[in-house]
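Reader: Could you take me through one part of this model up close, namely the sheet, and then show me what else is worth a look around it?

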Amino acid sequence: MSPKSARQFLAIHPPETRDSRKAVRARDALAKSPVLFAEYEAQAALDRETGSVLAGLEVPPAVIGELDARVAASAAHGKRRFNPRDPAMLAVAIGFLLLVVLLAWHFLGRAGVFPEEALTIAAEGAKLRTEQFEVVEEKAGALDDWFVLKGFDRFHIPARFANYQAAGARIFKAENRPVAVLAIPENYMFFLIFDPAPLGIGIHPEGSWQFTEFDYKYAAAIREEKGMCFMIVIKGTSKDLARLVENP
Amino acid sequence: MSPYPQEWSFLTEAWKFALVLTGREAAATALVSGALGAVSKRADLHETERAKRVFFSMLCREGAKAAVVAGPETPAEQALFFLHRLPEPSRQAITLFCLGVFSGEHLAGLLGKSEPELARCLDEARQRLHPILAPIS
């Protein structure tokens, strides 16, 4: 920066901006020309003098009170109105739209997916061996009293699966929540019944089936009915299970 | 520190500027009140810096219409009378410059001048102020 351009820069920059990096550079450049520097010093002194008169002026209390009242009145009168071009309103609208899209994506995306938590329960159930069950000789739908006596009081089997003959029953815990399991000899199936709410599982719409395969040889189908999840696990594929579910 | 809410924190400087333009406390208060009412009704001025620029440009426009008063009547008018007597546009330029409300670039824009023109206005004002202020300092 030449002394002349430094002088021009400092001529129009108010006192409080004179500490900026550019102002410091300008002052350094100006120091190379004693004449211009002296001229600038005189200007700065005059500006300081004028600035101190302005800064030192006390605004009369009556004026402060009057302007205060005016500010209060304008605040009451001029509350922010809806203006679609207001950047803040625009930001809120975009944020809201994004939230809606995100929620829709989240819930629609989940709708067709077999719940991860239910898959864990299915895998646990599939590992159970015959000797780990208590022997029962009842139809699946007639075991609600048996489970009530064991402390599981919301046992519910969809009507179309109620007539399967059970050979064993037991309760195991998944994430500290009870899961009722029935061993069904026909098709080598397990029926698993549990409360989905504490596990954060939701099958939508109610009554619809969701299928999955796991551990290379098992398939599971799940549905929700009367607030309880009913899951079938078989050795086979989702197609086998779909056929079974359609024609129990 | 300004006694006003953050979005109106420049009102003290605005009133002093209005006092320089009008030469009378009551007229300055009326000028600032008018600008305050007009700016607060504008739905597009939510950004404080922009509101401040519009506010001061209203003061410049309306304040320039005020006639120069014969003499001060109150201590506040007396204190700024030496600025009130300056001719335009030097009066607005030097007052806003010394109040430090705007940067040089914004000040030039507010007064509708290029930076070299603003520099000339300020120099002219300083030349006029020198004989008044030099004896004080």
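Author: Here is a walk through the sheet, then the contact between the chains, then a pair of helices.

Keep in mind that this is a predicted model, with an ipTM of 0.87 and a pTM of 0.54.

Let's start with the sheet in chain A. Seven strands make up an open sheet, and if you step across it you meet β1, β2, β3, β4, β7, β6 and β5 of chain A in that order, with antiparallel pairing. The two ends of that row are β1(A), residues 134-135, and β5(A), residues 210-214; each has a single partner strand, so one side of each is left without a neighbour in the sheet. Sheet strands in general are held together by backbone hydrogen bonds, in either a parallel or an antiparallel sense.

Zoom in on the β1(A) end. The partner there is β2(A), residues 168-174, and the two run antiparallel, joined over two bridges. To find the spot on screen, look for Val135(A), which sits opposite Gly168(A) of β2(A). Packed on the sheet is helix α6(A), residues 116-127, and the strands touched by α6(A) are β2, β3 (177-184), β4 (189-194), β5, β6 (218-225) and β7 (228-235) of chain A. Compare directions and you get about 50° between α6(A) and β7(A).

Now for where the chains meet. Chain A puts 33 residues into the contact and chain B puts in 40. On the chain A side, α1 (3-11), α3 (34-56) and α4 (61-77) each supply at least two residues, and α3(A) gives the largest share, nine residues. Sorted by class, that side of chain A has 16 nonpolar, nine polar and eight charged residues.

Over in chain B, the average pLDDT is 84, and 91% of the residues score at least 70. The helix pair to look at there is α1(B), residues 11-22, and α4(B), residues 75-84, whose axes come within 8 Å and cross at roughly 65°. Angles from 65 to 115 degrees count as roughly perpendicular, so α1(B) and α4(B) are roughly perpendicular to each other. The crossing of α1(B) past α4(B) is right-handed. From α1(B), the contact uses Lys16(B), Leu19(B) and Val20(B); from α4(B), it uses Ala76(B), Glu77(B), Leu80(B), Leu83(B) and His84(B). By class, this α1(B)–α4(B) contact has five nonpolar residues, one polar and two charged.

How values were computed: Residues numbered from 1 in each chain as written. Chains lettered and ligands numbered in written order. Predicted model: local features only at pLDDT ≥ 70, side-chain atom pairs only at ≥ 80, totals over all residues. pLDDT = per-residue confidence, 0-100. Axes fitted to C-alpha atoms, helices over the stretch in contact; angles between N-to-C directions. Helix = DSSP H or I, 4+ residues; strand = E, 2+ residues; numbered from the N terminus. Parallel < 35°, antiparallel > 145°, perpendicular 65-115°, else oblique. Left-handed = near helix turned anticlockwise from the far one by under 90°. Contact = placed C-beta atoms within 7 Å. Nonpolar A, V, L, I, M, F, W, Y, C, P; charged D, E, K, R; others polar. Pairing = 2+ DSSP bridges.
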